[in-house]
Amino acid sequence: MVRVSVLNDALNSIVNAERRGKRQVLIRPSSKVIVKFLSVMQRHGYIGEFEIVDDHRAGKIVVQLNGRLNKTGVISPRFNIQVTQIENWVNLLLPSRGFGYLILTTSAGIVDHEEARRKHVGGKILGYVY
């Protein structure tokens, strides 16, 4: 079976483990985009530390959960977002003001919507977390 979105599989396994009350979850396969997405989530306190396990194949990631994550998901297709459109997407996807983050891939790297607005860069939307 072909995996359509590795990032979507990873985020779904994190949400499912969080809902079951698990303390850690194993994500495979690993990718650079998943690692950057997880580091943004970690920076905002939604997950604990994560460790990349190199198994000479696609790799694995062990993520420590802390019980603060409600929902995370992928937006597919990856729509282009200008700086002026960020607020519209925040209103569409997040439950309330000041709660949660959109994660974008920009020319300044993979960042949340607040940092993209500070740096005044647009990009493509990857997903959301709250």
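This is a predicted model: local features need pLDDT of at least 70, side-chain atom pairs count only at pLDDT 80 or more; totals for chains, interfaces and linings use all residues.
The structure holds five salt bridges, a salt bridge being a side-chain nitrogen of Lys or Arg within 4 Å of a carboxyl oxygen of Asp or Glu. Residues are numbered from 1 along each chain as its sequence is written, and side-chain values use heavy atoms, with hydrogens and water left out.

Let me begin with R43 and E115, whose side chains meet in a salt bridge at 3.3 Å, N to O. R43 belongs to helix α2 and E115 to helix α4 (residues 113-119), so this pair ties together parts that are 72 residues apart in sequence. Helices here are DSSP runs of H or I with at least four residues, strands are runs of E with at least two, and both are numbered from the N terminus. R43 is partly exposed at a relative accessible area of 48%, whereas E115, at 16%, counts as buried. For these words, buried means under 20% relative accessible area, exposed over 50%, and partly exposed in between, with a 1.4 Å probe and protein chains only.

Next, E87. A salt bridge joins E87 to R117, with the closest N and O atoms 3.0 Å apart. Since E87 lies in helix α3 and R117 in helix α4, the pair ties together parts that are 30 residues apart in sequence. R117 is partly exposed, at 35% relative accessibility. Shared partners also join the salt bridges of R43, E115 and K119 into one network. E87 forms a salt bridge with R97 as well, again with the closest N and O atoms 3.0 Å apart. R97 sits in the loop between α3 (86-93) and β6 (101-106), so that pair ties together parts ten residues apart in sequence.

Which charged residue is buried yet has no salt bridge? That residue is D55; the nearest side chain of opposite charge, K60, is 4.1 Å away. In this count Lys and Arg are positive, Asp and Glu negative, and His and the chain ends are left out. D55 is found in the loop between β2 (47-53) and β3 (60-65).

Finally, the sheet. Three strands form an open antiparallel sheet in the order β1-β3-β2, where two strands pair if DSSP finds at least two bridges between them. β1 (24-27) and β2 stand at the edges, each with a single partner strand, so one side of each is left without a neighbour in the sheet. β2 and β3 pair over five bridges.
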